[in-house]
Amino acid sequence: MIKCPFAGLSATRAIINPSDCLIFRQLFWVEVQKRQLKTKSAPGIKFREDPAGDHGRSRRPREPSEDKKCDREAPSPKVAKQTEKQSVPLQKEEATKSSESFGHWSQGLKTSMQDPKMQVYKDDKVVVIKDKYPKARYHWLVLPWQTISSLKVLRGEHTDLLKHMQQVAEQMVQQCPHKSSLRFRKGYHAIPSMSHVHLHVISQDFDSPCLKNKKHWNSFTTDYFIESHDVIQMLETDGKVAVTEGTSELLKLPLRCHMCRKELPTIPALKEHLKSHFPS
């Protein structure tokens, strides 16, 4: 008969198998728990924890590796393409701002009137320049030194200035070597494309490679072209210049000879026809 060493004097009977002893089982369970705690705290040993026995404690998140950090910081090819596309409009915008700083093309007259090579006459009130893209054999522009953006801002106090501009225009015609064989008109475009008021002095032969389209032709041969004396009369009568509504539609009219009113299909056909009125 084997007696349980843990039972001691409390045993009321002899115990053959120690596992049958209640005290043995309780002490054995405590000993097993102590050994597990010691083993867990030992360095260099890792355990696979059971989620069910974790008692709700959260695990500490792992730090990302250096490779993953680099992947996260480097832009993807798609993002790089989008960035490149965005840079193109920005470059165009910068170029536009740069060109504007040098002046828009519509402000070109202000530069030309200061150029001695372009000037053919000047006094204390006006300057006469050659049109950079003449639409006839003789084509001059009379411009005031005073800054006047367009016909719309003209008022009664500008009447004397416009009379002086017309007088200078007539002087230009009188000194032209072909004045006897050519007819001239002096006037303003109702809606000019160039800023700064300018009086056109143009021969009616329209013999020029710069006259290329219907808009060029109709801007000088329809009511889109307002005679100088009519502008002066409006200022004297009304104190302003009135432009008829729908004037811009005149540029779309069919091509008609300004001498015989014959309609021509194209600019080349019109120019060929003009030779019958203005032989070279």
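A salt bridge, as I use the term, is a side-chain nitrogen of Lys or Arg within 4 Å of a carboxyl oxygen of Asp or Glu. One example is E272 with K275, where the closest N and O atoms are 3.4 Å apart.

Before going on, a word on the source. This is a predicted model, in which local features need pLDDT of at least 70 and side-chain atom pairs count only at pLDDT 80 or more, while totals for chains, interfaces and linings use all residues. Residues are numbered from 1 along each chain as its sequence is written, and side-chain values use heavy atoms, with hydrogens and water left out.

Now the overall layout. Along the sequence the pattern reads α-α-α-α-β-β-β-α-β-β-α-β-α-α. Of the 280 residues, 33% are buried; buried means under 20% relative accessible area, exposed over 50%, and partly exposed in between, with a 1.4 Å probe and protein chains only. Contacts are heavy atoms within 4.5 Å. Among contacts with a separation of 6 or more, 59% join residues 24 or more positions apart.

Back to the salt bridges. The structure holds seven of them. In the pair I began with, E272 and K275 are both exposed. K252 and E249 also meet in a salt bridge, at 3.4 Å from N to O. K252 counts as exposed because its relative accessibility is 57%, and E249, at 45%, counts as partly exposed. R256 and E263 form another, at 3.3 Å. Here R256 is partly exposed at 33%, and so is E263 at 45%. Elsewhere, R137, D205 and D207 are linked in a network of salt bridges.

Which residues have the most contacts inside the largest nonpolar core? They are W140, V142, L154, L162, M165, F184 and Y188, in a core of 30 residues. A nonpolar core here is a set of buried Ala, Val, Leu, Ile, Met, Phe, Trp, Tyr and Cys residues joined through side-chain atoms within 4.5 Å. Two or more residues each come from β2 (126-130), β3 (139-144), α5 (159-174), β4 (184-189), β5 (199-203) and α7 (228-238). Helix α5 gives the largest share, seven residues. Take Y188 as a case: leaving aside neighbours within four places in sequence, Y188 touches residues including L151, L162, M165, Y224 and V231. Apart from this core lies another, of 13 residues, among them F206, W217, F225 and L274.

Last, the aromatic rings. Rings of Phe, Tyr and Trp (its six-membered ring) pair if their centres lie within 6.5 Å; planes under 30 degrees apart count as stacked, over 60 as edge-to-face, and the rest as tilted. The whole structure has six such pairs. F206 and F220 have ring centres 6.3 Å apart and planes at 50 degrees, so the pair is tilted. F206 sits in the loop between β5 and α6 (214-221) and F220 in helix α6, so to speak 14 residues apart, and the pair links distant parts of the chain. F220 also pairs with F225, again tilted, at 5.7 Å centre to centre and 45 degrees between the planes. F206 and F220 are buried, as is F225.

Methods: Helix = DSSP H or I, 4+ residues; strand = E, 2+ residues; numbered from the N terminus.
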